[in-house]
Amino acid sequence: MFPEVEMKIYKGKSVFGGIAIGKIQVYGKGEKRVKRTKVEDTEAEILRYRQAAREAMDQLKVLYEKALQEVGEANAAIFEIHRMMLEDGDYQESIENIIHIQEVNAEYAVAQTGDNFAQMFASMEDDYMRGRAADVRDISERLLAALQGEEAEKISVREPVIIVAEDLAPSETVQLDKDRVLSFVTVHGSLNSHTAILARTIGIPALVGTGLSLDDTIDGKTGIVDGTDGTFYVEPDEETLSRLQKARQEELLKKELFQTLKGKENITLDGQNILLYANIGNMKDLAAVLQNDAGGIGLFRSEFIYLERDDFPSEEEQFKIYRTVAETMGKKRVVIRTLDIGADKQCGYFKMEKEENPAMGCRAIRICLTRPEIFKTQLRALFRASAFGKIAIMYPMITSVWEVRKIKEIAEEVREELKGQGIACGKPEQGIMIETPAAAIISDQLAREVDFFSIGTNDLTQYLLAVDRQNRALDEFCDTHHPAILRMIETVVENAHRAGIRAGICGELGADPELTRDFLAMGVDELSVSPGRILPIRKIVLETDVSEYKKDWRKSWK
Ligand code: PEP
Ligand code: MG
């Protein structure tokens, strides 16, 4: 009999969804042992260090170019930051001082300075700054390798494996052989680290902060990374293995469809374009956004940031999330909707009055306009993050022109305030959701006030048909193809176009394959759907001849 092996389960933070199953390879950095030796000629030692720094700068240039090609400008920027760190006056001065004053070798001075700076970053309050400790270690390792006449260490991977490491430096992540690395799992690391951002962009399941104890006993064993819920299984039992193999199989099938449609434009047979964007609720969904080739994010439901916490998220917390999303999406558009708390999305610490009919109560923009301090914190975070990518801000539950004017006034105040404080911010587009009948009916007036519309068919349907979207007993009365809804969408699109702005749909109806042709015929500019729906809709778009379809449409709803 074989001894029973016991499955081990670790929990970490998921950087990227998806499932990986394979052999584990533990990556222990060949910790460079640095000896402290006395030198006589400190000037020559300083010159030796400067030469190594020049080599390291050249290597970083090459890495930047490689990352630029593979993961885009926003993600490649980390190597520019490394170059800046390397050129940093304090860092250089510390190394040269140690050589000079202690009369020691350059290797020792670099290692010592690297440790000191990394410790300093690691002890900082701010998550983002703490994440920089790994970057300082990375550049110090690079300098040491250059001093010792070696190339900086690369992870050598001979077969498809799950890499398990203490931590990974951005340069190590970018050099991973993507065809052989199934996933990576780190003991430390934060979701904000550039390594995490790179992993999201490369698109492999990855977990950070698993806290597992790194020893060779797991090397070579079977592992499963479940990026959907942040679990790492070592030596999974049969039941777990077969369950996750099945889930992985489903993923692969989807990927196959993806491969044939990936990179294709969403263009009909007769040449009409439509944007296919993704809806997300948090950063974890980014993996699916990229895997499914979304043209951008059409709806980031920011209220989930509030719902996942016990207290108001700070400006800083929100800023980091929005910035990560914007950076990960690079040049692609990211529409972030301001908080839509209320109705079915209740959040205890908002301490809202109990309402008879919360769906028609104080929700979304109504909270923001009555409690501007909450709104302003979110707007500050959004404006700041908009300096890092192509963010657009979208306001939910609009019914009147005065609301939009008031919002714009507050937004302008916030921007001015940031400018006055010398804080960088972009100039994001500002748009509104059309999800109340009132907004749809006056969409001609509203279109003159904003940069874009996005039709929220979930709420629009409930308010138009007077059918509570939460009440399953009303299913038979909830006709999502009701002529009133379709006519209303068409009117909104027409009004948007007359005013020269775009109109998209971000409610669930946008993903209804039975209506894709109708939306194309109406001239809808963008459909924002859950990531998994993008490719099936792309398929329909590619197979549609809109002018042909228009010869015989609307019969059922006009
Ligand atoms: C909608 O109402 O259609 C919408 C997209 O918003 P939510 O579903 O978050 O209310
Ligand atoms: Mg809604």
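Begin by selecting Y306, F312, Y349 and F350, which together form one aromatic cluster; here rings of Phe, Tyr and Trp (its six-membered ring) pair if their centres lie within 6.5 Å, with planes under 30 degrees apart counted as stacked, over 60 as edge-to-face and the rest as tilted. This is a predicted model, in which local features need pLDDT of at least 70 and side-chain atom pairs count only at pLDDT 80 or more, while totals for chains, interfaces and linings use all residues. Residues are numbered from 1 along each chain as its sequence is written, and side-chain values use heavy atoms, leaving out hydrogens and water.

By the ring rule, the count comes to 9 aromatic pairs. Select F319 and F388 next: their ring centres are 5.8 Å apart and their planes stand at 65°, so this pair is edge-to-face. F319 lies in helix α11 (residues 315-329), and F388 in the loop between α13 (372-385) and β12 (390-395), so the pair ties together parts that are 69 residues apart in sequence; helices (H or I, at least four residues) and strands (E, at least two) are DSSP runs, numbered from the N terminus.

Now colour by accessibility, where buried means under 20% relative accessible area, exposed over 50%, and partly exposed in between (1.4 Å probe, protein chains only). F319 is buried, at 7%, whereas F388 is partly exposed, at 36%.

Finally, select R333, which lies over the face of F452 at 4.8 Å from the ring centre.

Terms used: Chains lettered and ligands numbered in written order. Lys NZ or Arg CZ within 6 Å of the ring centre and 35° of its normal.
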